Amino acid sequence: MNLARMIVRRRGWIALAWVVAAGALLPAARHAASVLDVSARVEGSESAAVERLLGGPLASAYARYVVLVIGGVPSPATPAGAGVLREITDSLRHARQVAAGGIFTYLDQPDTLFLAPRGRGTFVLVGLAADSVAPDRLIPPLRGLTESLAPRLRERFPDLTLRWTGETALNVDLRRTSSVDVGAAERRALPLTAVFLLVAFGAVAASAVPVVAGALAIALALGAAALLARVSPLSILLQSVVTMLGLGLGIDYALLTVSRFREGRDAGESAELAAEQAARHAGHTILLSATAVAIGFVVLITVRLNEIRAIAVGGLVVVVTSALLAATLLPGVLVWAGRKIEWGRLRRRVPAGASGGRWRRLGRLVTAHPWKALGLGALPLVLLATQATRLRTGLPRGDWLPPAMESARALEDLRVMGRSNVVQTIRVVLVLPEGSSVRRPEGWNALARMADSLGADPRVERIRSVVGIARSAGLGRALTFLPARVKQGLVSADGRFALLELLPKESVGAEALVAYVRELRRRGATASGVAGARLLVGGLPAFNTDYSDAAAGHLPTVVALVVAGTLLALFAGSRSILIPVKAVLLNLLSVASAFGALTLVFQEGHGLRLFGINQPLGAVFSSLPVIVFCIVFGLSMDYEVFLVTRVMEARRAGMSDADAIVEALGTTGQVITSAAAIMLVVFGAFTLGSFQFTKMLGFTLAVAVLLDATLVRMVVGPALLRLAGRWNWWPGRVVAVPGEIRVSAGPGRHPRSPRDVS
């Protein structure tokens, strides 16, 4: 018994297996957001090493810290301002989320840094407790504490604001905003998708099945991801990809299966035979397409960014789930539905063979003039692709943070105060060789030389180290006389590790700070004058540098692995060399064209106001190209597989190459158009959110799908198939097997039905 027949005949057992899977996964899906991680990490990076040293040998209470920005109160240099600051810090000091000794304000050191030269207010540096709880889980309780404190304080200071910011708070807000955007996009996309399917199928039941399949794929994938997250942390950005691809691929795969089933019913087949043919042909196409998409996500797992790995896991799970639902569960459901699949018909059913007239006309035009079609179709793609050479990655300039985020508003408060640089502190650790110590003259002198060298840089406003504290206290080299609480976090117990905190000038932008971090790492500890000494650079600017380098550095490897894997998968599916090579080249062209559009719109600002952004961003997020490449490369393969498998079926039915291409366009044109329209709706819904990463991702995927489903698969691909002729199938050959498959014969003619071949 072949697989397709087994799927149909064992449909009861298969449905039972899915019910069991749903019973295990759907409850977990409801709590996915609460178990997914909102922090960002670069595994094995230098910034992560500095963070470990701060929490380890240096025993700093500020290994991870946030900033509480207090607005609308008098200066802490005044009695009233000092009083309200003391009330706030006393409340924070007893919170279990705050590290012991983890409160630092103007009251601890009357530094002008805590005064607002351009406005009222001040800020508090709050070290987060180092316990088993992830740092991002500590932010909501801290916010709850200040929210309960604020009403009482506003009785005296009506304009008071208490807002949290800093690396951890920003991570929490960005990922939570992304989660909210995903839910909103899903609510926007589903009704429009249902309308598109209703127009395509003309029947309520037929259009409802793919929507339900897509929603089920999302829920099952989120449930599986939530269970995996309990074993290994996964970023909440996983939700975006699972929802995006679940709506897109889940519906597309189900659309293909339902379309093949209805073709069989139009040809007079029984429900069981039509479902078997759908499982055989649509199932093979779906699994081959899903393999191509899955390859990209498998390769993404190799990138050492927790966010990208989470996206890879989520994408892989939802692709596999969507494909298996369409290939195994759906054929049985269609048998049970039978003629009820046409329930709620809005218009007269047009047989599949008669519905592709315009696509056949396009096919005849392309096959009659392949060189012209190739030139006209490829020209706009190549022009767009050339723009991709100017794509820049990094942190976008301007206020790219969602304005509704508390941490973004707190950053703006700091900017008004002229103190936004406190969030951008660069944390430099001098590591002396074995046997050396800053407690000895040679080690102390090395640290002093390093501090003087760093402090002389025009990009640095001030530097904090034990050297500066000792000098200001008039103690010279007398480190021993400094109180332990002053030295803690700045020097390790053995004296081998010493921290120098660099506060950059307010005027130094994010890109300039990234460049400065790279410069510091190149120079190393040469200024210390000690052989074997090392310099490790951490802090938010260093994290941004490590994140950018990790994402960009993996792109060539990811491209090579995805291309190689796709070539092997397509060769296994087609037994051809030219078909996989052509598919890969066209996919690369689609990706490059999408990147070109991304460059023109988001980087350079052409039409950017349509997306609610007022100025060009100058760069795109570093992780975006590698994520987009893997997703777009796989999605582009969908339509290639849809088209080429139909060409192969038509060739096996005895058609010539030209006729097979025309037939394939006639039978797949409507399916590809409907599938692409659904993808456009889904991806377009994500461009309307407030998180710019999601806007860029949705826009780039939408452009890629639009170009791929129109110019690439409808014009350029068929033209290349026509020009290659019989070489398409080399080294194998397509053997005609009359009756093995059904080929729609076009308007006015009856399609042939397949023989029941075991």
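At what angle do helix 19 and helix 20 pack, and how far apart are their axes? In this predicted model, helix 19 (residues 540-574) and helix 20 (residues 578-603) pack at an angle of about 140°, with 8 Å between their axes. Because the model is predicted, local features need pLDDT of at least 70 and side-chain atom pairs count only at pLDDT 80 or more, whereas totals for chains, interfaces and linings use all residues. Residues are numbered from 1 along each chain as its sequence is written, and side-chain values use heavy atoms, with hydrogens and water left out.

**Overall build**

- The protein holds 23 helices and 8 strands, where helices (H or I, at least four residues) and strands (E, at least two) are DSSP runs numbered from the N terminus.
- Its C-alpha trace spans about 100 × 55 × 45 Å along the principal axes.
- Of the 758 residues, 60% count as buried, with buried meaning under 20% relative accessible area, exposed over 50%, and partly exposed in between (1.4 Å probe, protein chains only).
- Among contacts with a separation of 6 or more, 81% come from residues 24 or more positions apart, a contact being heavy atoms within 4.5 Å.

**Helix 19 with helix 20**

- Helix 19 and helix 20 are therefore oblique to each other, since angles under 35 degrees count as roughly parallel, over 145 as roughly antiparallel, 65 to 115 as roughly perpendicular and the rest as oblique.
- The axes are lines fitted to C-alpha atoms, for helices over the stretch in contact, and the angles run from 0 to 180 degrees between N-to-C directions.
- Helix 19 passes helix 20 in a right-handed crossing, the term for a near helix turned clockwise from the far one by less than a right angle, while anticlockwise is left-handed.
- The residues that make this contact include Val 563, Leu 567 and Phe 571 of helix 19 and Ile 579, Pro 580 and Leu 588 of helix 20.
- The contact residues divide into 10 nonpolar, 2 polar and no charged, where Ala, Val, Leu, Ile, Met, Phe, Trp, Tyr, Cys and Pro count as nonpolar, Asp, Glu, Lys and Arg as charged, and the others, Gly among them, as polar.

**Helix 9 with helix 22**

- Helix 9 (residues 238-266) packs against helix 22 (residues 657-686) at an angle of about 165°, and their axes are 10 Å apart.
- That angle makes helix 9 roughly antiparallel to helix 22, and helix 9 passes helix 22 in a right-handed crossing.
- Among the residues in this contact are Met 244, Asp 252 and Leu 256 of helix 9 and Val 671, Ile 678 and Phe 686 of helix 22.
- Here the contact residues divide into 13 nonpolar, 5 polar and 1 charged.

**Individual residues**

- Arg 11 lies in helix 2 and is buried, with a relative accessible area of 17%.
- The side chain of Arg 11 reaches the backbone oxygen of Val 8 at 2.7 Å, and, leaving aside residues up to four places away in sequence, Arg 11 touches Glu 272, Gly 332, Val 335 and Trp 336.
- Gly 23 is also placed in helix 2 (residues 11-30), but counts as exposed at 52% relative accessibility.
- The C-alpha atoms of Gly 23 and Leu 220 are separated by 9.6 Å, although these residues are 197 residues apart along the chain.
- Ala 59 lies in the loop between helix 4 (46-55) and strand 1 (65-71), and is partly exposed, with a relative accessible area of 36%.
- Ala 59 has a positive phi of about 50° although it is not a glycine.
- Most residues other than glycine have a negative phi.

How values were computed
Polar contact = N/O pair within 3.5 Å; in protein donor to acceptor, adjacent residues only side chain to side chain.
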